[in-house]
Amino acid sequence: MQNAKKKERKIISLVIVVILLLLAPLFISNYILYLAGVIMIMAIVAQGLNTMIGWGAIFSFGQPGFMAFGAYFGAIVSRQFPMLPFPIILIVTGMASALIGLVIGFPCLRLRGFFLAMATYGFSSALFVLINFFNNLTGGNEGMYVSPPTFGPLVLGSIEAIFIMIVLIGVIAQFFVSNISKSKTGHAWRSIRDGEIAAASLGINIAREKLKLFTFGSCLAGVGGVLYAYLIGYLQADFFSSMGLSFFLILVVGGIGTIWGPLLGSVMILLIPQVFGGVFSQSMNLVYGAILLIFVLVAPKGFLGLFESLITSVQSRRKA
Amino acid sequence: MNNTKDSILTLQDISIRFGGIKAVNHLNLDVKEQEIFAIIGPNGAGKTTAFNIISGLYRAQEGTVLFSGTDITQLLPHQIAHLGMGRTFQNLELFTLMTVEDNLMAARHMHTKTNFWNELVRNNKVKQEEDRNREKVHHILSFLKLQDIANKNVTDLGFPLQKRVELGRALALEPKLLLLDEPAAGLNFVETSELSQLILSIRKDLGITVLLIEHDMSMVMSISDRIIVLDYGKEICLGLPEEIQNDARVVEAYLGKRDSHA
Amino acid sequence: MILELLIDGLAVGSIYALVSMGLVLVFQATGTLNFAHGDIMMISTFVAYALLVQLGLPFFVVIPIALCFAAAVAMLSERLVVRRLISGSGPAIIMGTLGLSYILQGIASSVWSDDIFAFPKIFKGNYITIGNIRLVPQNIGVVVTTIIIIVMLHLFLTKTKIGTGLRALTQNRVAASLMGVRVTRMYALAWAIGGILAAIAGILLAPTLFLSTGMSEITFTAIMCAIIGGFGKIYGAVIGGYLVGIFSSILPVYIPTELQAIIPFVLLMVVLFIKPTGLLGKKTIKKV
């Protein structure tokens, strides 16, 4: 059958790409590895936001907050329990972030659209203030050093090792997101987005599913956060508070609601300073703003949307 | 009227007020299993409000709603759906960003026996459940003669087809009781008689009780077992089609008192 | 002491009130939450700065120019960006104004850099002492000016023909257009007024808090004030603004410095969870 073959080809090409990525540290400079690491981490966190907005129409301004939470939680746990292998730390951080998402989501999700967004913004900002307040624990604005991930006797101190860890986690995250998208839960989330009243009449527990979605998205953000802590090796509260709008930028460029949108958007957005680096460094904001505006006015569905419409217009011309 | 069949839906003294107006006023209703029961009345009589109370979208301020013996007055819409009640909406509430098939698949939510962890890894159980439900959906699509447009976006369809899709979605829930809000609105004569046949076979072949709001009198009179007439949120008349047709109060409700026309 | 803090709070609150009012007016009239509102304030204040300090022009010349500039930027934004996106999806407009925000910030930091600048005081003098209380003329000037402006706005909206048309627009866009209100002109007017209010706020704020590109962060605080007061009403925004201002001034006495920044957020949370429609807002039931 045609569909099965297409699927096979897709999986094979994905596997090839992943293998290439895993081998990359052998050929590529540390600086590019570092950049690629940041891109993938931002993609993971943006994916969390993507699922919330794209599947549930939940606009959350809270992702930077959850990311910061994950980063600090992971770093502090590593420091208090240096013997713990990093997979445990990642899982525990993911669960803690999910729990925080649950706690914050519970009151916030009772609110509609815009008020929900502002409530998540409020919580997120409050979280940053708290991070600074407990600066004996977190180092506040002076920052804290993050000890590298360990696995028994093995210490993954090199950037190559951390890069590989990021690739693997990224692949797993993408796998999970893709699976959920096709499942009844993903479907339920999209139903809520398209018509809450109808969804409820079909037996979907709106409150519970929204909470699940929010928890899922914040878990992704937290995992992205702890990976970021490992990658940079150093944490400061204002790393995250300035990220606020970057995730929206990434989603607009990459395409909201698509599985690959966040990665694509992340690549585009984070490569731009590299390309324009010298000339426009003063006014990166200007470039970002212009890009955001152009996309919103011309290609609201982002690059993937453009790509899609290109394909459909080619197809329709073929049929005609 | 002695009926040996059980009641599937009972409204006892239901009232609801919006602002200063009592939209539904001490309404009593009793629908028997596998009946086709119609609610009619002039616009603004409180018919859709009654539906919204029954399906849980509004909470009645007074009275009780019993569904198959269970008190559902305080329950949320999704909980009532789980008990086996499906509905369509007056102004269509289809999922506009989805295909016909996906709209129906959404209704299979509560019949899909997988949990989040299964879905995260997409194991065989997930795939099996999906195939099983997809087959059920296709079955219903065939029943409604919609199988050819299964993959079309619902927004690309004409209004009568959209209505049928919404009906299919409600059926995909496998309900015991189906609430249809003005299913014939916007349909022409031929489409309406097809719909009538469809409703009759839903009752006969699927054993589903049908409660419908309708303005199309010929359809109502031809397929209903019993009819209740509402006006100003209150019952005006309740009985068999022949009884309703000839009742002076019903005529008055629709056309107004003879003396009030100056 | 408390009285002095109170007056400080009123001054800060006045600024918030002005900014929030403009924000809510624009939202009411055009259905858009302008994330670039604070940026319009910031860049207009910079223009005022340039005229005042770099060109040495007197206040009474500079202020009208700065206000016109603000109105112009606002109207341009509305015309070029918002009007195109207004019929599109919610997210599109949000992204659009966010993009504008970035652009304005970028322009400001290119022209003036991200440094902090001292802005000349409008209301001169360090202290006036009345009895036991020391009052800062700038603060009093801010409060008085704000009250005058609120009154002027109120009169404009209720007593003039144009103002009434604007009010009609905020309550029901379709009906207003059917009654002959020129909707597109009103959009421009609403945005212009919003911009002017923001600019006034900026000029009043800059002497006390220094001028820098970071000033535009006030947008989010203004949104919170508007929510606290009840997002639908312009006067709600005023109340929200003053509440946040007063609390931010008085509470720090009782709270450690690092936690002070949390005050507006706590207020926001309290309001959102007790009465999401805000102090003046009304509940609406959705009908199916």
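**Figure 1. Burial and overall form of chain B in the predicted model.** Buried residues make up 42% of the 262 residues in chain B; a residue counts as buried if 20 or more other C-beta atoms lie within 10 Å of its own, as exposed if 12 or fewer do, and as partly exposed in between, with C-beta atoms placed from the backbone. This is a predicted model, in which local features need pLDDT of at least 70 and side-chain atom pairs count only at pLDDT 80 or more, whereas totals for chains, interfaces and linings use all residues. Residues are numbered from 1 along each chain as its sequence is written, and chains are lettered from A and ligands numbered from 1 in the order in which they are written. Chain B has ten helices and ten strands; helices (H or I, at least four residues) and strands (E, at least two) are DSSP runs numbered from the N terminus. With a radius of gyration of 19 Å, close to the 18 Å that the globule rule gives for 262 residues, chain B is as compact as a globular protein of that length. The radius is taken over C-alpha atoms, and the rule is 2.2 Å times the number of residues to the power 0.38. Along the principal axes, the C-alpha atoms of chain B fill a box of roughly 70 × 40 × 40 Å. Of the contacts in chain B with a separation of 6 or more, 66% are between residues 24 or more positions apart; a contact requires C-beta atoms, placed from the backbone, to lie within 7 Å.

**Figure 2. The two domains of chain B.** Domain 1 comprises 1-84 + 175-262 and domain 2 comprises 93-174, with bounds from an automatic or database domain assignment. The centres of the two domains of chain B, taken over C-alpha atoms, are separated by 27 Å. Eight residues from domain 1 of chain B and eight residues from domain 2 of chain B take part in the contact. On the side of domain 1 of chain B that touches domain 2 of chain B, five residues are nonpolar, two polar and one charged. Here Ala, Val, Leu, Ile, Met, Phe, Trp, Tyr, Cys and Pro count as nonpolar, Asp, Glu, Lys and Arg as charged, and the others, Gly among them, as polar.

Figure 3. The open sheet has the order E2-E1-E4-E5 (chain B) with antiparallel pairing, where two strands pair if DSSP finds at least two bridges between them. Strand E2 (21-32) and strand E5 (70-71) of chain B are the edge strands, each pairing on one side only. Five bridges link strand E1 (residues 7-18) and strand E4 (residues 62-67) of chain B in the antiparallel sense, and B:Leu9 stands opposite B:Phe67 in E4(B). Helix H1 (residues 47-54) of chain B packs on the sheet, touching E1, E2 and E4 of chain B, and its direction makes about 65° with that of E2(B). Axes are lines fitted to C-alpha atoms, for helices over the stretch in contact, and angles run from 0 to 180 degrees between N-to-C directions. Eight of the eight residues of H1(B) are buried, among them B:Phe51, B:Ile53 and B:Ile54. Just after H1(B), B:Gly56 takes a positive phi of about 95°.

**Figure 4. The six-stranded sheet of chain B.** This open sheet has mixed pairing and the order E6-E7-E8-E3-E9-E10 (chain B). E6 and strand E10 (234-239) of chain B stand at the edges with a single partner strand each, so one side of each is left without a neighbour in the sheet. On average, and with direction ignored, neighbouring strands of this sheet are turned by 15° against each other. Strand E9 (residues 226-231) of chain B is joined to E10(B) by five bridges in an antiparallel arrangement, with B:Leu230 opposite B:Glu235 in E10(B). Helix H7 (residues 189-206) of chain B packs on the sheet, touching strand E3 (36-40), E7 and E8 of chain B, and its direction makes about 150° with that of E8(B).

**Figure 5. Strand E7(B) and its two partners.** Five of the five residues of strand E7 (residues 177-181) of chain B are buried, so E7(B) is largely enclosed by the rest of the structure. B:Leu177, B:Leu179 and B:Asp181 point one way from E7(B), and B:Leu178 and B:Leu180 the other way. Strand E6 (residues 85-87) of chain B runs parallel to E7(B) and is joined to it by three bridges; B:Arg87 stands opposite B:Leu179 in E7(B). Five bridges join E7(B) to strand E8 (residues 209-213) of chain B, again in parallel, and B:Leu179 stands opposite B:Leu211 in E8(B).

Definitions and conventions. Two residues are in contact if their C-beta atoms, placed from the backbone, lie within 7 Å.
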